[in-house]
Amino acid sequence: EDIAYGLAGEFRWGGHTRPRFNVGHHSILVAYFVGAECRARGLSRLETLIFKLEAILHDGAEGLGFRDLPGPMKKHPLLAGYKSGESALQDAIQARFGLPPGKSEIVGLVDRRVEATEMRDLEPCRVSRYEPYPMRIDVAMDAKEAEEAFLREFHAIQRELAQLRGR
């Protein structure tokens, strides 16, 4: 719940989108499209749910105090310690939920395509080398909507994982 609350209040790219678009909404989109990508690849339901769990939590460190800084800032040498701290917290979050450290190929690809979609629809002056999804982002969820939707998706994934694992 802390992660959902934090992500819902954290805006993408340091708040530089129009309309302001929160990281919770972004995470929900990534989880949705990861599910679609897993189905397209013919992955099992268990594999799909594990990747969707990784997807919904992929920016979890940003919900617990780290910021969604614009990419050029994150890559600046003066912020190397910041990035390593964020990565360590993200790895700890993933370990807490039984996920390996780092970002899987499938979540990384979908994250970049969702980002390209956000750039096209929310920051048209930015361009991505990744192909955006055909869907359009016309409305940004407010913080309460994003928090509630994030928690619904997270708990649905957790419930189904528990059922498949016989717990």
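L57 touches I3, Q90, F97, L99, F150 and F154, leaving out residues up to four places away in sequence; touching, or contact, means heavy atoms within 4.5 Å. The model is predicted, so local features need pLDDT of at least 70 and side-chain atom pairs count only at pLDDT 80 or more, while totals for chains, interfaces and linings use all residues. Residues are numbered from 1 along each chain as its sequence is written, and side-chain values use heavy atoms, without hydrogens and water.

L57 also belongs to the largest nonpolar core, where L53, I56, L57 and F150 touch the most other members among 33 residues. A nonpolar core is a set of buried Ala, Val, Leu, Ile, Met, Phe, Trp, Tyr and Cys residues joined through side-chain atoms within 4.5 Å. Buried means under 20% relative accessible area, exposed means over 50%, and partly exposed lies in between (1.4 Å probe, protein chains only). At least two residues of this core come from each of α1 (2-9), α2 (23-40), α3 (45-57), α6 and α7 (143-164). The most, 8 residues, come from α2. The helices named here are DSSP runs of H or I with at least four residues, numbered from the N terminus.

One of these helices, α7, has 22 residues. Its first and last C-alpha atoms are 32 Å apart, close to the 32 Å expected at 1.5 Å a residue; the expected span is 1.5 Å times one less than the number of residues. The buried residues of α7 are A146, A149, F150, L151, F154, I157 and L161, and they pack against α1, α2 and α3. Leaving out residues up to four places away in sequence, A143 touches A8 and N22. A143 and A31 are 112 residues apart in sequence, and their C-alpha atoms are 18 Å apart in space.

Helix α6 can be checked in a similar way. Its 18 residues should span 26 Å at 1.5 Å a residue, and its end C-alpha atoms are 25 Å apart, which agrees. α6 is mostly covered, with 14 of its 18 residues buried. E115 lies in this helix and counts as buried because its relative accessibility is 15%. Apart from neighbours within four places in sequence, E115 is in contact with R12 and W13.

The largest pocket holds about 650 Å³ of space. On a 1 Å grid over the protein atoms alone, a pocket is an open set of points with protein on both sides within 12 Å along at least five of seven lines, and lining residues have an atom within 4 Å of a point. Grid points are joined across faces, edges and corners, and the volume is the space filled by probe spheres set on the points. The lining has 28 residues, of which K74, K83, K103, D111 and R112 lie nearest the centre of the pocket. These 28 lining residues divide into 6 nonpolar, 7 polar and 15 charged. Here Ala, Val, Leu, Ile, Met, Phe, Trp, Tyr, Cys and Pro count as nonpolar, Asp, Glu, Lys and Arg as charged, and the others, Gly among them, as polar.

At least two lining residues come from each of α4 (71-74), α5 (80-96) and α6 (105-122). The largest share, 6 residues, is from α5. S87 lies in α5 and is partly exposed, at 31% relative accessible area.

How values were computed. On a 1 Å grid over the protein atoms alone, a cavity is a set of points where a 1.4 Å probe fits but cannot get out, and a pocket is an open set with protein on both sides within 12 Å along at least five of seven lines; lining residues have an atom within 4 Å of a point.
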